[in-house]
Amino acid sequence: MMLILIGVVGMTIFFTCISKALTGKRKLSMAALELSVFLLLISDRYAYIYRGDTSVTGYYMVRISNFLVFALSLSALWAFTVYLIDLYMNEGGMTEVPKLLICSRIMVIIGEVLIVVSQFTGLYYTFDDRNRYTRSPGIIVCYAIPTIILVMLMITIIIQRRRLRMRVMIPLVMFAFGTFLASIVQLFCYGVSLTNMSMVGMVVLLYVFSFIDMNRTVERANQIEINMLRKERKNMHLLFEQTAEALASAIDAKDAYTHGHSTRVAEYSREIARLSGLGEDEVNEVYFSALLHDVGKIGIPDSIINKNGKLTDEEFAVIKTHPVIGRQILSSISQSPYLSIGANYHHERYDGKGYPEGLLGEDIPWIARIIAVADAYDAMTSKRSYRDTVPQHKVREELVKGSGTQFDPVYAHIMLSMLDSDIDYNMKEKDKVSVLAGRSSLSCYRFRERVSEGIWLTQNPVNIHFISRGMDEHSYKHSIPTLIIFDSLDARVHEDEFVKRDLVYTEYATIRLDDHIEKGAARKIKTEFTDNEAYDSPDYGMLNREGIEYDIYGVRVRDHLFIRITTKYRTMKITIALEDSTRYAYIGITGEYCDISNVELMNSDIPVADDSIERIAEEISYINVPAGDIPNVQVDGWRSTYSEAMPVTGDMRITFHSMSLPTARLVWHCPFVNLFYSDDGRPGGEGFDDYAVVRLDGEDWDSNNLADNSITVTRDNDFGNWDKWKERNRSGLDWDVRVKRDGNAVTVTSSNAGIHLSFTSVAKHDPPDVYLALTGDQVAITNIRIQSC
């Protein structure tokens with residue numbers, strides 16, 4: 001155990017020494033602290049080894065090692081005190097060293113002198129004739145001195161607590177209190193090195209904290225991607241070195257991969273493997289292989305990895321060597337040979353045009369084929385120095401295009417199903433953000449210069465609370481917060497016209513909280529103002545100086561929004577009729593010459609009733625045409641509504657007309673056929689379970705593993721391409737869908753717009769009934785007729 005602890009502390013010394021993020025004095029004090037604990041553990045171990053050894057070597061070793069144990073304990077406290085001083089002087093903004101820290105250093109010197117005196121007087125301990133350590137009555141002084149030092153350190157930390165952030169305070173308090181508690185227990189538990197072992201934990205804690213602090217500094221410098229890459233490289237290096245389990249736990253505590261590329265690729269790869277039916281062991285192998293797939297970049301120069309913009313041919317040739325470097329590194333881990341597979345083959349292509357070996361099809365190891373899909377997906381959905389996150393619909397189309405050429409079509413299809421289930425586009429790189437873009441407050445100077453991330457309005461109400469104060473150097477009458485009501489694929493407000501076009505940006509309205517409202521793309525806006533009679537003609541200039549608390553309630557029902565803005569002086573009620581029921585609506589918080597702070601956001605789990613918002617404009621409908629056998633249906637979002645259900649019995653023929661809504665832009669904005677069971681025969685009813693959703697663009701989505709599903713899709717010359725497919729859907733298509741049930745098996749066939757599909761779902765248990773309903777995404781379905789064949 002002692003050897004493992006020595007190894008852990010030794011590694012922390014190494015990484016501290018090579019770190020470039022710490023100031024010189026702070027690095028020196030931390031290294032000195034770690035070195036003191038390192039030597040302390042070694043001395044403690046030799047003290048036990050030579051205890052009772054009556055040889056000449058034993059005589060000297062037991063005395064030297066015990067002396068070092070006591071001396072190095074105080075040296076560690078000296079180093080920790082220096083560490084604290086550097087923190088308070090550099091980050092705490094102090095100009096003078098706290099007096100208690102000066103006193104603690106004096107106490108360390110006194111303690112060291114007494115330890116030397118004890119060697120000649122037996123003040124602290126003596127050795128019997130069998131060369132065994134024995135405490136003397138004066139040992140209480142030996143424990144009293146470090147205890148007093150720790151008390152002074154804790155008092156200093158508590159008194160100066162406001163000078164440091166909470167995440168800085170926690171490891172300092174734990175170091176001081178943990179060591180203090182261990183010292184007290186050590187006094188009564190003779191023979192167990194509790195103090196020494198506790199110092200190891202505290203040293204590792206400070207070591208982890210130093211990296212957390214480094215991450216914050218790099219993020220503040222707006223170099224998030226570089227920071228993540230460096231952490232990935234550093235921690236991958238630690239992993240393949242097969243360090244002791246204790247050291248691995250300390251590295252894991254840093255949470256280094258939480259926002260990293262490799263972790264996202266590993267998570268996507270694990271989910272693909274799970275959905276493909278692999279066992280738990282194979283799924284874990286995929287995860288860890290994906291986690292280390294880019295380890296070969298350790299051998300790539302930083303100047304190439306960190307380069308902004310495109311690489312030259314020569315630089316790209318260097319980058320292409322990283323799979324081979326990764327294989328060479330990971331192949332030395334004999335206990336896990338699968339790790340090198342992902343590193344070596346994740347840039348192979350299914351059509352044989354990849355690198356480094358140009359393997360074709362299933363000659364590429366299955367682990368690498370999974371990682372290739374996940375890696376490409378994350379590359380598109382992560383930010384780069386030269387572009388933002390790629391919109392979801394473009395990611396999907398790239399995956400469709402690459403299926404069978406760049407990617408294994410089986411794993412690409414699973415990734416597409418995962419993407420289609422991710423309605424809110426959560427599977428992408430995320431900034432460390434809160435409501436106000438990662439800040440605790442939002443300082444607005446020029447209007448719209450800084451805007452919060454979008455807050456999504458749905459039928460589940462959202463409540464927003466914040467305080468706005470005017471800035472001293474500007475007129476308080478113009479220090480006004482503002483709400484922007486908008487939609488965008490990335491839920492952010494944009495000003496650049498090219499970005500607006502790419503992200504399908506729409507701005508419905510701008511609401512200044514001084515009652516001024518500008519109508520944008522909204523069809524109609526209705527406002528109502530109610531003043532609090534207790535405040536007669538309030539001076540808003542003075543109120544803005546002191547700060548105004550705002551409570552905002554927002555909800556959406558189909559194509560209408562309702563927003564209520566409340567202060568203790570006035571209530572504003574705003575009803576907005578949107579362009580349609582399909583697109584999203586977000587609130588962005590901004591302002592002019594004001595500081596917005598204390599933001600709180602609460603989402604309700606209970607949706608409001610469909611008639612809870614007063615309708616101020618007619619609902620836009622694309623299904624006001626004669627119905628067939630059952631009512632027409634307009635599907636504004638992914639499976640947001642269904643047609644009336646029909647039981648599947650024998651052979652059936654279903655004909656209908658469909659037209660994508662004007663907002664449709666994706667290949668899957670088309671009709672779907674939903675096979676399901678529920679107790680009442682209604683989609684989403686009691687006991688509802690999906691057997692399958694057959695998308696008529698030629699893909700299926702499985703649910704709950706209730707059935708074995710298979711699909712065959714062919715495309716003829718009439719298909720053309722996906723752009724032509726989308727155009728045909730916008731113009732309108734007539735469908736003829738055949739459905740046949742034979743026992744547990746249901747077959748669905750369709751041919752339209754050059755896509756021919758045959759889908760079979762075989763229920764794993766004999767269902768009492770199977771129902772069919774039409775649904776889709778951003779599509780109007782009319783003239784639905786049902787015939788028995």
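Tutor: Happy to! Let's start with Arg 730, which is partly exposed because its relative accessibility is 33%; that class lies between buried (under 20% relative accessible area) and exposed (over 50%), with a 1.4 Å probe and protein chains only. Keep in mind that this is a predicted model, where local features need pLDDT of at least 70 and side-chain atom pairs count only at pLDDT 80 or more, while totals for chains, interfaces and linings use all residues. Residues are numbered from 1 along each chain as its sequence is written, and side-chain values use heavy atoms, leaving out hydrogens and water.

The partner of Arg 730 is Glu 727, in a salt bridge of 3.1 Å from N to O; the term needs a side-chain nitrogen of Lys or Arg within 4 Å of a carboxyl oxygen of Asp or Glu. Both residues belong to helix α21 (residues 722-731), three residues apart, about one turn of the helix. Helices here are DSSP runs of H or I with at least four residues, strands are runs of E with at least two, and both are numbered from the N terminus. Glu 727 is also partly exposed, at 41% relative accessible area. Elsewhere, shared partners join Arg 523, Arg 558, Asp 559, Arg 615, Glu 619 and Asp 636 into one salt-bridge network.

In total, the structure holds 31 salt bridges. One of them brings together Glu 495 and Arg 448, at 2.9 Å from N to O. This pair links distant parts of the chain, 47 residues apart: Glu 495 lies in the loop between β6 (480-487) and α19 (497-502), and Arg 448 in the loop between β3 (441-444) and β4. Their exposure classes are set by the cut-offs above: Glu 495 is partly exposed at 43%, whereas Arg 448 is buried at 17%.

Arg 448 also forms a salt bridge with Glu 507, whose closest N and O atoms are 2.9 Å apart. Here again distant parts are linked, since Glu 507 sits in strand β7 (residues 506-512), 59 residues from Arg 448.

Several of these strands meet in an open sheet of five, ordered β4-β13-β6-β7-β8 with antiparallel pairing; two strands pair if DSSP finds at least two bridges between them. At the edges stand β4 (455-456) and β8 (517-519), each with a single partner strand, so one side of each has no neighbour in the sheet. For β4, antiparallel pairing with β13 (residues 586-592) runs over two bridges, and Ile 455 stands opposite Ile 587 in β13.
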